[in-house]
Amino acid sequence: MNKDDHKEIAHVATAVNIGFTGQFITVECNITKGLPAFTIVGLADKAIGESRERVRAALVNSGFDFPARHITVNLAPADIVKTGSHFDLAIALSILVASGQLLQKHVDHKLFVGELSLGGDLRPLRGALGFAETAVRKGMDTIFIPSENAKQAALLTKVNVVGITTLLSVVLILLGENEISTTQTPNLST
């Protein structure tokens, strides 16, 4: 893939639950020349600050290149306090897009939530329904969420819910190399 195939600044959609509603968040990533550094800005709490190490390890342990350059990640809008570790997946994907390992079109119109383990596995999270509601409200066509949370998120039938187990599986789905399997709305009558 050549430099013209990807944007300099990547944009990946995610959300944060505030009370009973979700707030749409855009993860922006810019990679520039300079001393290697990895900075996250945008009113991020300690769990998000610690995601630098989880994301770096998950990318490398999943077989991707981690750029030895200056990486800046912005969680926008900057005036909303962001809490939680569920930003990991969107941050990792933004780095893959900004570094040309994925194209921007692969992540457009999709919302991504999930905490990454150091090995690249996705951990369950709280508030799946709020994230799915935010995806619907913002016109996203798909939400990628840890598989343990997929049935809860599927309670909203207006968005495709893809339950995922690893960072690598997400990328393979986005590249069209793995078949996408959406979670159906659970039957609540039984």
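A salt bridge here is a side-chain nitrogen of Lys or Arg within 4 Å of a carboxyl oxygen of Asp or Glu. Keep that cut-off in mind for the first stop. The model on screen is predicted.

**Stop 1: Lys 110**

Select Lys 110. It sits in strand β5, residues 110-112. Is Lys 110 buried or exposed? Lys 110 is buried, yet it has no salt bridge. Now show Asp 141. This is the nearest side chain of opposite charge, and it is 4.8 Å away.

Next, display the surroundings of Lys 110. Leave out its neighbours within four places in sequence. The contacts are then Ala 13, Lys 105, Met 140, Asp 141, Thr 142, Phe 144 and Leu 174.

**Stop 2: helix α7**

Leu 174 is among the buried residues of α7. Select the whole helix, residues 167-174. How many of its eight residues are buried? Six are, and the helix is mostly covered. Colour them: Leu 167, Ser 169, Val 170, Val 171, Ile 173 and Leu 174. Then step past the helix to Gly 176. Gly 176 follows α7 and has a positive phi, near 80 degrees.

**Stop 3: the largest pocket**

Move to the largest pocket. Its volume is about 220 Å³. To see the lining, select Asn 17, Thr 83, Gly 84, Ser 85, His 86, Glu 115, Arg 123, Pro 124, Leu 125, Arg 126 and Phe 131. What is the lining made of? It divides into three nonpolar, five polar and three charged residues.

Stay with two of the lining residues, Glu 115 and Arg 123. Their side chains meet in a salt bridge, 3.3 Å from N to O. Arg 123 is partly exposed, at 39% relative accessibility.

**Stop 4: helix α5**

Select residues 128-137, which make up helix α5. Zoom in on Arg 137 and Glu 133. Their side chains form a salt bridge, 3.0 Å from N to O. The two residues are four apart in the helix, about one turn. An α-helix has 3.6 residues a turn, so residues three or four places apart point the same way. Both partners are partly exposed: Arg 137 at 45% relative accessibility and Glu 133 with a relative accessible area of 29%.

Now pick Leu 129, also in α5. Leu 129 is partly exposed, at 33% relative accessibility. Which residues does Leu 129 touch, not counting those up to four places away in sequence? They are Gln 152, Ala 153, Leu 155 and Leu 156. Take the C-alpha atoms of Leu 129 and Leu 155. They are separated by 7.3 Å, although the residues are 26 apart along the chain.

**Stop 5: helix α2**

Finish at Glu 53 and Arg 56. The pair forms a salt bridge, with the closest N and O atoms 3.7 Å apart. Both lie in helix α2, residues 51-61. They are three residues apart, and so are separated by about one helical turn. Glu 53 is partly exposed, at 48% relative accessibility. Arg 56 is partly exposed too, at 30%.

How many salt bridges does the rule give for this model? The count comes to four. The tour has stopped at Arg 123 with Glu 115, Arg 137 with Glu 133, and Glu 53 with Arg 56.

Notes. Residues are numbered from 1 along each chain as its sequence is written. This is a predicted model: local features need pLDDT of at least 70, side-chain atom pairs count only at pLDDT 80 or more; totals for chains, interfaces and linings use all residues. Side-chain values use heavy atoms; hydrogens and water are left out. Buried means under 20% relative accessible area, exposed over 50%, partly exposed in between (1.4 Å probe, protein chains only). Lys and Arg count as positive and Asp and Glu as negative; His and the chain ends are not counted. Contact means heavy atoms within 4.5 Å. On a 1 Å grid over the protein atoms alone, a cavity is a set of points where a 1.4 Å probe fits but cannot get out, and a pocket is an open set with protein on both sides within 12 Å along at least five of seven lines; lining residues have an atom within 4 Å of a point. Grid points are joined across faces, edges and corners, and a volume is the space filled by probe spheres set on the points. Ala, Val, Leu, Ile, Met, Phe, Trp, Tyr, Cys and Pro count as nonpolar, Asp, Glu, Lys and Arg as charged, and the others, Gly among them, as polar.
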